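Good morning, everyone. Please look at the screen while I walk you through one chain.

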Amino acid sequence: MNATTKSGPVEIPADAELAWAEREQQRLHRAKVDSAAARIAARFDIGAYLQTQDAEQQLAA
């Protein structure tokens, strides 16, 4: 792969390009896992909130 810098074109070794691609893939995977974990946590938070509301309504009745 070639890249252009201020001093001109530079050849990027294939192993460096592969290493970058692997790091990028890992970063995207972590972002996907973090997003899924956040969705799961939000569901539990909403469930706990609704249970609390139900309990308060039952106590008030």
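What radius of gyration would a compact globule of 61 residues have, and what does the chain have? The globule would come out near 10 Å, but the chain has 25 Å. Keep in mind that this is a predicted model.

Now the outline. The C-alpha trace spans about 75 × 20 × 10 Å along its principal axes. Of the 61 residues, 2% count as buried. The accessible surface of the chain is about 5600 Å². Carbon and sulfur atoms hold 60% of that surface.

How far can we trust the prediction? The mean pLDDT of the chain is 85. A value of 70 or more is reached by 97% of the residues. Confidence is lowest in strand β1, residues 2-5, with a mean of 72. Confidence is highest in helix α1, with a mean of 87.

Next, the parts. How many helices and strands does the chain have? There is 1 helix, and there are 2 strands. In sequence order the pattern is β-β-α. Helix α1 covers residues 14-60.

Start with Ala16, which sits in helix α1. Ala16 and Phe44 are 28 residues apart in sequence. In space, their C-alpha atoms are 42 Å apart. Now take Ser35, also a residue of helix α1. From Ser35 to Ala55 we count 20 residues along the chain, and the C-alpha atoms are separated by 30 Å. One more pair. Glu17 is in helix α1. Glu17 and Arg27 are 10 residues apart along the chain, with 15 Å between their C-alpha atoms.

How open are these positions? Buried means under 20% relative accessible area, and exposed means over 50%. Ala16 has 35% relative accessibility, so Ala16 counts as partly exposed. Ser35 has a relative accessible area of 34%, so Ser35 is partly exposed. Glu17 has 32%, so Glu17 is partly exposed as well.

Back to Arg27, as this residue has a partner. Which residue forms a salt bridge with Arg27? The partner is Glu24. Their closest N and O atoms are 2.6 Å apart. The cut-off for a salt bridge is 4 Å, between a side-chain nitrogen of Lys or Arg and a carboxyl oxygen of Asp or Glu. The general idea is simple. Side chains of opposite charge can pair when their charged atoms come close.

Where do the two partners lie? Glu24 and Arg27 are both in helix α1. They are 3 residues apart, which is about one turn of the helix. Are the partners buried, exposed or in between? Glu24 has a relative accessible area of 24%, so Glu24 is partly exposed. Arg27 has 40% relative accessibility, so Arg27 is partly exposed too.

Last stop: the surface. Which residues make a nonpolar patch? They are Ile46, Tyr49 and Leu50. The patch has an area of about 330 Å². Ile46 belongs to helix α1.

Let me recap. The order of elements is β-β-α. Glu24 and Arg27 form a salt bridge. Ile46, Tyr49 and Leu50 make a nonpolar surface patch. Thank you.

Notes:
Residues numbered from 1 in each chain as written. Predicted model: local features only at pLDDT ≥ 70, side-chain atom pairs only at ≥ 80, totals over all residues. Heavy atoms only, no water. Patch = residues over 30% accessible without salt bridge, like charges linked within 9 Å, V, L, I, M, F, W, Y side chains within 5 Å. Areas by Shrake-Rupley, 256 points an atom, 1.4 Å probe, with all protein chains shown as cover. Helix = DSSP H or I, 4+ residues; strand = E, 2+ residues; numbered from the N terminus. pLDDT = per-residue confidence, 0-100. Buried < 20%, exposed > 50% of the residue type's maximum accessible area, 1.4 Å probe, protein only. Rg over C-alpha atoms; globule rule 2.2 N^0.38 Å.
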